[in-house]
Amino acid sequence: MAASRNLMTKGEKAFAVFNYIFMTLLCIVCIYPLWYVFVCSVSDPVQLYAQRGVMWWPLGQWSGRGYKLVMENPNIPIGFRNTLIYMGVGTLLNMTLTIMASYGLSRKGCYWNGPIMKFIAFTMYFQGGLIPFYLMVKAMGLLDTYAGIILPVAVNTWNLIVMRTSFAGIPDSLEESARLDGANDWTILWRIFFPLAQATIAVIALFYAVNWWNNWFNPSIFLSTKSKYPLQLVLREILLKNDTSSMTQIGSVGQSQQEQFRMLVKYCTIIVATVPILVVYPFLQRYFVKGVMIGSIKG
Amino acid sequence: MVAARKADPAKAADWKRVLIIVLCALTLASTLFLIQLNAVDRKTDEALSLTGLDFLTGNTPGKSAGVPHPMMIAAIIFAAWGVATALFKPDKFFYSIISAIFLIVAVFMFRFDVTYQAKGEFGLDKDALSFAFGWTLALVLAILNLAVVIWRKSERTLVLRRQELDRIYASANIPGGYKVPSTGAIIRRDFSKHWPVYLMVLPALVFYVLWCYGPMYGILIAFNDYKAKGGILGSAWVGFQWYRDFFRSAYAWRTIRNTLFISFYNLLFGFPAPIILALMLNEMRSIKFKRVVQTITYMPYFISLVVMCGILTDFCSTTGLFAAIQRLFGNDNPVNLLGDAKYFRSVYVGSEIWQRLGWDSIIYLSALAGIDQEQYEAATIDGAGKFKQVLHVTLPGILPTISILLILRIGALMGVGYEKIILLYNGLTYETADVVSTYVYRKGIVDANFSFSTAVNLFNSIINFLLVVFANKMSAILTENSLW
C-alpha cells in the first residue's frame with residue numbers, strides 16, 4: 001500500500017482529490033434533503049411559510065409545535081399500530097410459509113419438487129394483473145379486512161427461491177446423520193436447518209418486514225375503513241392529498257395560520273415517519289447488504 | 001419371475017383401457033350434452049344446433065350455427081387422445097388420466113360459456129371475435145395436450161432405461177429375482193416416503209394456486225363485458241373488442257410511448273450510475289471514508305416510497321427547495337416541476353437515481369471485491385497505469401455482473417413501477433407520465449372499467465413476458481448465464 005502510494009502519478013493524485021471531493025458532494029446530496037426537511041420541521045411556521053430560499057438552519061426559534069400537532073392527530077398512532085400489526089402478523093406468516101416451503105422444495109429425490117418449482121417460478125414472469133387480483137380478493141370476501149392485506153401476499157417468490165438456494169447448500173450428511181438418530185423432517189428443519197441458515201432467515205425476514213413497512217398500494221385499493229389504514233396510507237393522505245384538515249382543526253390554531261401550520265405539519269410528519277427506520281437502519285445495514293449479495297447469487 | 005411380471009401389465013392394461021375409454025366417452029358425451037343444452041340464441045331464445053345432437057336434449061333447433069363449437073372440437077380431440085392412449089399405450093395410465101382430467105376441467109370451465117349471443121343472425125361481426133377467442137382456447141388446450149405428449153416422450157426414455165436395468169439385473173442373477181417399479185409405483189412410494197415434505201410445501205402451494213393462478217383465471221374477463229352480477233363466466237363475451245377500443249384510442253400510443261421512454265431514460269442514466277459509483281468507491285484509499293460514503297448513500301433507499309414522493313412533491317412545488325435553487329440561479333419565476341409535463345421524466349429518473357444509486361452499487365462492489373488482486377500486480381509490472389488497470393482488469397472483472405443486470409433491466413422494460421408514478425403524477429403531467437400500468441390502474445380501480453383494464457393489462461403482461469424470455473435467451477447466448 002505504501003509503495004503504491006509513492007508511485008502515484010500526477011494524474012492519479014488529481015483523480016484522488018477529485019474522487020474525495022465528488023464523494024463528499026454526493027454525501028451532501030444524499031443527506032441534505034432530509035436535513036432540509038428536519039430544519040423546516042423545527043422552524044417557526046410563520047417565518048417558514050414566508051421564506052423562499054435554500055435553508056441550512058432552522059428559522060426563528062426551534063419549536064416543537066408541529067410535532068405536537070402531529071401527535072394530536074389520532075390517525076398517525078393508529079397508522080403506526082396498524083403497520084405494526086401488518087408487519088408482525090404478515091412477516092410471521094411470510095416466514096412460516098417461506099421456510100416450510102423452501103425446506104420442502106430443497107429436499108432432493110422428491111418426485112414432485114421439480115414440477116412444483118416450475119409452477120411457482122412461472123408466477124414471477126406472468127401474473128393475472130391488477131383487476132383479476134382485486135376480483136379474487138373480493139370473491140374471497142376479504143375486501144376491507146386485515147386478512148385481505150396479509151393473505152394475498154403471503155409468499156414472495158424471489159425470497160422463496162433465495163431461501164431454497166440457501167437450504168440446498170446445507171450438506172446432506174447433516175440431514176442423513178440426523179435421520180439415523182431418528183429425527184423427522186420437522187426436527188431436522190427446526191434443529192439443524194433453522195440454526196444453520198439463521199443469517200439468511202434474518203435477511204429474508206428483514207426484507208419482508210421492510211415490504212410491510214412500505215406497503216401502501218394494496219391497502220389503498222382494498223381498504224375503505226380509515227381505522228385499518230397502515231401508516232404509509234395515512235402519510236399519503238397527509239403528504240400527497242393535502243389532507244391535514246383533521247389536525248389543524250383541533251389545534252389552537254387560528255384560521256389565518258392554517259396554511260402555515262399545514263406546511264409545518266407536513267415536514268414534521270415526514271420526520272416522524274422516517275426517523276424510526278433511519279434509527280434502526282445503521283444497525284441492520286450489514287444484513288441488508290448481505291441480502292443483496294445472497295439474492296445476486298441467483299436462485 | 002420375469003415372465004410372470006410380463007403377464008401382469010397386460011392384465012392390468014385391460015381394466016385401464018376400459019376405464020379410460022369409459023371416462024373419455026362420458027366426458028365427451030357430457031360436453032356435447034351441455035353444449036347442446038345451452039345452445040340458445042340469446043337474442044331470440046331460439047335453439048341452435050351446435051353439435052347435431054339436439055335430439056338428445058330435446059331442444060329442436062330453429063337454425064344451424066354452421067360452425068362447430070370450439071369446445072366440441074377440443075372435447076373430440078381430447079377424447080380421441082384418451083382413447084388412443086388407452087388402445088396403444090395402456091401402461092401410460094397416469095398420463096391418460098391427466099388428459100382426462102384436463103378434459104373434465106375444460107368442460108366445467110366452459111359449461112356456462114356455451115350460449116351464443118348472436119344478434120339475430122349468426123353473422124360474423126362481434127361473434128366472430130368471441131369465436132376467435134373460443135378457438136384460441138381450444139388451441140391452448142391442444143398445446144397442453146402436446147405438452148403431455150412431450151412429457152410422455154421423456155418418460156419413454158425412462159422406460160428404455162428401465163429395460164436396460166432389466167437386462168442388467170437379469171444377467172446379474174440376483175437370488176429371489178427383482179422388480180423394477182412402474183411409474184405409478186414410483187409416485188406412490190415417493191408420496192408415502194416424502195409426504196411430510198409435501199405437507200410442508202402445501203400451504204405455500206395453496207397460496208400460489210389461490211393468489212397467483214386464481215387471478216390468471218380472472219384474465220378471462222378481458223374477453224367479456226364483466227358485470228358483478230354475471231361473474232367471470234356469466235358475463236357477455238365480446239372477443240377482442242377491448243383491444244380494438246384501446247388501440248384505436250389515443251391512449252395506446254401515449255401510454256406505450258411513455259412506458260418505453262421512462263424505462264429507457266431510467267436505463268440510460270440509472271444503469272451506469274451505480275457502476276461508476278462502485279468504481280470510484282473502489283479507488284478510495286481510506287477505508288473509513290469509504291464506509292461512511294457507503295452508509296450515507298444507502299440511506300435514501302430506506303425512505304419509504306410514499307414519504308419519498310411526499311418530499312418530492314414538496315420540493316418541486318413553487319415554494320419548495322427546487323424553486324429556491326432555481327431562484328439561486330437567477331430564475332425569479334420558478335416552475336412547479338411536477339406541474340409541467342416537460343419535467344416529469346427528469347424528476348422521475350433523477351429521484352430514482354438519488355434513491356437507488358448507493359444501494360445498486362452494492363452488487364458491483366461485491367463483484368469488484370472478487371477480482372483477483374494478482375491481476376493488478378501483473379498489470380502494474382506490465383507498466384499499466386491506474387486508468388489502464390481499470391480498463392483492462394476491473395471492467396472485464398465485473399462485466400458478467402453488468403451484463404446480467406442489464407439483461408434483467410431490459411426484461412423489465414415494459415414493467416415500469418406504477419406505484420411511484422401514481423403517487424407523483426397528476427392531470428397536468430399525464431402527457432408524459434401516464435404509462436400502461438397507471439392507465440390500467442385508472443381505468444380499472446378508479447373508473448371501475450374492469451374488463452377493459454384487464455384487457456390492456458393482459459397485453460402489457462404478454463409483451464413483458466416475451467421481453468423476459470427474449471432477454472433470457474440473449475443472456476444465454478451472449479454470456480452463458482441465464483435465469484432458467
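How far apart do the C-alpha centres of domain 1 of chain A and domain 2 of chain A lie? They lie 33 Å apart. Before going on, some ground rules: this is a predicted model, in which local features need pLDDT of at least 70, side-chain atom pairs count only at pLDDT 80 or more, and totals for chains, interfaces and linings use all residues. Residues are numbered from 1 along each chain as its sequence is written, while chains are lettered from A and ligands numbered from 1 in the order in which they are written.

Back to those two domains. Domain 1 of chain A covers 2–72 + 244–296 and domain 2 covers 75–227, with bounds that come from an automatic or database domain assignment. Between them, 11 residues of domain 1 of chain A are in contact with 11 residues of domain 2 of chain A; a contact here is a pair of residues whose C-beta atoms, placed from the backbone, lie within 7 Å. On the domain 1 side, α16(A) provides the largest share, nine residues. That side divides into seven nonpolar residues, three polar and one charged. For the bookkeeping, Ala, Val, Leu, Ile, Met, Phe, Trp, Tyr, Cys and Pro count as nonpolar, Asp, Glu, Lys and Arg as charged, and the others, Gly among them, as polar. The element names follow DSSP runs numbered from the N terminus: helices are H or I with at least four residues, strands are E with at least two.

Now for the contact between the chains, which takes 69 residues from chain A and 69 residues from chain B. On the chain A side, the elements that give two or more residues include α2 (10–41), α5 (75–106), α12 (198–214) and α16 (258–296). Here α16(A) gives the most, with 13 residues. The chain A side splits into 49 nonpolar, 14 polar and six charged residues.

Take a look at α12(A) next. This helix has 17 residues and reaches 24 Å from its first C-alpha to its last, close to the 24 Å expected at 1.5 Å a residue; the expected span is 1.5 Å times one less than the number of residues. Its buried residues include I201(A), F207(A), W212(A) and W213(A). Buried means that 20 or more other C-beta atoms lie within 10 Å of the residue's own, exposed means 12 or fewer, and partly exposed is in between, with C-beta atoms placed from the backbone.

I149(A) sits in helix α8 of chain A, and it counts as buried because it has 24 C-beta neighbours inside 10 Å. Setting aside neighbours within four places in sequence, I149(A) is in contact with Y86(A), N218(A), P219(A) and F222(A). Its C-alpha is 10.0 Å from that of P230(A), 81 residues apart along the chain.

Most residues other than glycine have a negative phi. D144(A), not a glycine, has a positive phi of about 60°; it lies in the loop between α7 and α8 of chain A and counts as partly exposed because it has 15 C-beta neighbours inside 10 Å. In chain B, A448(B) has a positive phi near 55°. A448(B) is in the loop between α19 (436–446) and α20 (450–479), and its 10 C-beta neighbours inside 10 Å are why it counts as exposed.

As for chain B overall, its secondary structure comes to 20 helices and three strands. Of its 484 residues, 35% are buried.

How values were computed: Two residues are in contact if their C-beta atoms, placed from the backbone, lie within 7 Å.
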